[in-house]
Amino acid sequence: SMAESFNEERVNIHNSDILDYVKDCENSYDVIILDTSDPVGPAEGLYSSEFYSQLKRCLSKGGIVAIQSESPWWHEDIISTLSRILKSVFGKTIFYTAPVLSYPGGLWLFAITGDEFDLTPKRSLPEGLRFIKEDFLKNRYLPPFIEKML
């Protein structure tokens with residue numbers, strides 16, 4: 001059922017090396033979702049200021065990048081570096097946690113970044129959602145041990 005959204009005409013999926021793709025991309029996307037590998041080997045470039053500066057050019061005005069940002073239990077150095085990079089490249093960065101029970105530790109960190117964006121819902125959220133509510137979008141609480149990484 002999740003893959004059905006791939007049929008949506010507004011969705012563009014590129015199965016390619018993003019380090020190459022962002023070099024020629026400009027003002028194309030409202031939302032970019034990154035679920036990247038850990039920053040080792042060929043994925044090291046995905047955790048650089050140069051990559052995020054190039055990625056920023058891919059965003060339309062008001063566009064955002066949503067990023068899987070590692071485990072707050074085991075990746076403090078990666079999280080701190082990513083936070084510093086995002087804050088230096090983009091005008092606004094928000095971090096939040098979510099339970100991902102299939103990942104080690106069960107708690108994972110994510111970021112939303114862009115130059116200008118508003119997470120206030122434009123319409124009421126649908127009834128029966130189990131993992132998000134409007135208060136979450138307004139009040140993103142992070143425990144102090146995570147805040148000090150950022």
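Reader: Is Q54 buried or exposed?
Author: Q54 is buried, at 15% relative accessible area. Buried means under 20%, exposed over 50%, partly exposed in between (1.4 Å probe, protein chains only). The model is predicted: local features need pLDDT of at least 70, side-chain atom pairs count only at pLDDT 80 or more, and totals for chains, interfaces and linings use all residues. Numbering runs from 1 along each chain as its sequence is written, and side-chain values use heavy atoms, without hydrogens and water.

Reader: Where does Q54 sit?
Author: In helix α2. Helices (H or I, at least four residues) and strands (E, at least two) are DSSP runs, numbered from the N terminus.

Reader: Which residues does Q54 contact, beyond four places in sequence?
Author: L19, V22 and K23. Contact means heavy atoms within 4.5 Å. Q54 and V22 are 32 residues apart in sequence, yet 5.7 Å apart C-alpha to C-alpha.

Reader: What about L55, same exclusion?
Author: L55 contacts I18, V22, I32, L34 and V65.

Reader: Now the largest nonpolar core. Which members touch the most others?
Author: I32, L34, Y52, L55, V65, I67 and L86, out of 29 residues. Such a core is a set of buried Ala, Val, Leu, Ile, Met, Phe, Trp, Tyr and Cys residues joined through side-chain atoms within 4.5 Å.

Reader: Which element gives the most to this core?
Author: α3, with six residues. A second, separate core has nine residues, including I64, I94, F110 and I112.

Reader: Switching to F6. Buried or exposed?
Author: F6 is exposed, with a relative accessible area of 52%. F6 lies in the segment before α1 (18-21).
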